[in-house]
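My plan is to look things up one at a time and jot down what I find.

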Amino acid sequence: AVCVLNIGEKDANIKLTIFFEDKEPLEGFTAVCKSRRTNHIRLDRIVNDKGEKIPKEVPYSVLVESDTEIVVQHSRMDVSQAEMTLMSTIAY
């Protein structure tokens, strides 16, 4: 998930670009985080403007862009084994 925190006074229009090791990026993913709210964007559920989803079991990176200042926490859960692992990163 990409967890967005918007403490500003205006809604944040968010654009996500998904980058891969061996193919062109997927673009056209958008979301909104209302003013003074949070939005948890589930990357396993989001669909872009062409109806494409992020492929499963493929390494990728996410570029998060916004038209206003936000805080982003990116969390990934490894469910490939019984003992699940959670990794989280925060960017300002």
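Below are my entries, and I'm keeping in mind that this is a predicted model.

**Entry 1: cysteines**

I began with disulfides. A disulfide is a covalent bond between the sulfur atoms of two cysteines. I searched the whole structure and got zero of them.

**Entry 2: the core**

In soluble globular proteins, nonpolar side chains tend to be buried together. With that in mind I went looking for the largest nonpolar core here, and it has 18 residues. Inside it, Ile14 and Ile41 have the most contacts. Which strands each supply at least two residues of this core? I noted β1 (2-6), β2 (12-20) and β3 (26-33). The top contributor is β2, which gives five residues.

Leaving aside residues up to four places away in sequence, Ile14 touches Val4, Phe29, Val32 and Cys33, among others. The list also has Ile41, Val64 and Ile70, and it includes Glu65 and Ser66 too.

**Entry 3: Asn6**

Asn6 got a page of its own. This residue sits in strand β1. Asn6 counts as buried because its relative accessible area is 0%, and buried means under 20%. What does its side chain have beside it? A polar atom of the Asn6 side chain lies 2.9 Å from the backbone nitrogen of Gly8. A polar atom of that side chain also lies 3.1 Å from the backbone oxygen of Cys33.

**Entry 4: positive phi**

Last, I looked at backbone angles. Where is Arg36 found? It is in the loop between β3 and β4 (37-41). Arg36 is exposed because its relative accessible area is 55%, and exposed means over 50%.

Glu57 has a positive phi too, near 60°. I found Glu57 in the loop between β4 and β5 (60-66). At 84% relative accessibility, Glu57 goes down as exposed.

Key. Residues are numbered from 1 along each chain as its sequence is written. This is a predicted model: local features need pLDDT of at least 70, side-chain atom pairs count only at pLDDT 80 or more; totals for chains, interfaces and linings use all residues. Side-chain values use heavy atoms; hydrogens and water are left out. A disulfide is a pair of cysteine sulfur atoms within 2.5 Å. A nonpolar core is a set of buried Ala, Val, Leu, Ile, Met, Phe, Trp, Tyr and Cys residues joined through side-chain atoms within 4.5 Å. Buried means under 20% relative accessible area, exposed over 50%, partly exposed in between (1.4 Å probe, protein chains only). Helices (H or I, at least four residues) and strands (E, at least two) are DSSP runs, numbered from the N terminus. Contact means heavy atoms within 4.5 Å. A polar contact is a pair of N or O atoms within 3.5 Å; within protein, one must be able to donate a hydrogen and the other to accept it, and residues adjacent in sequence count only if both atoms are side-chain atoms.
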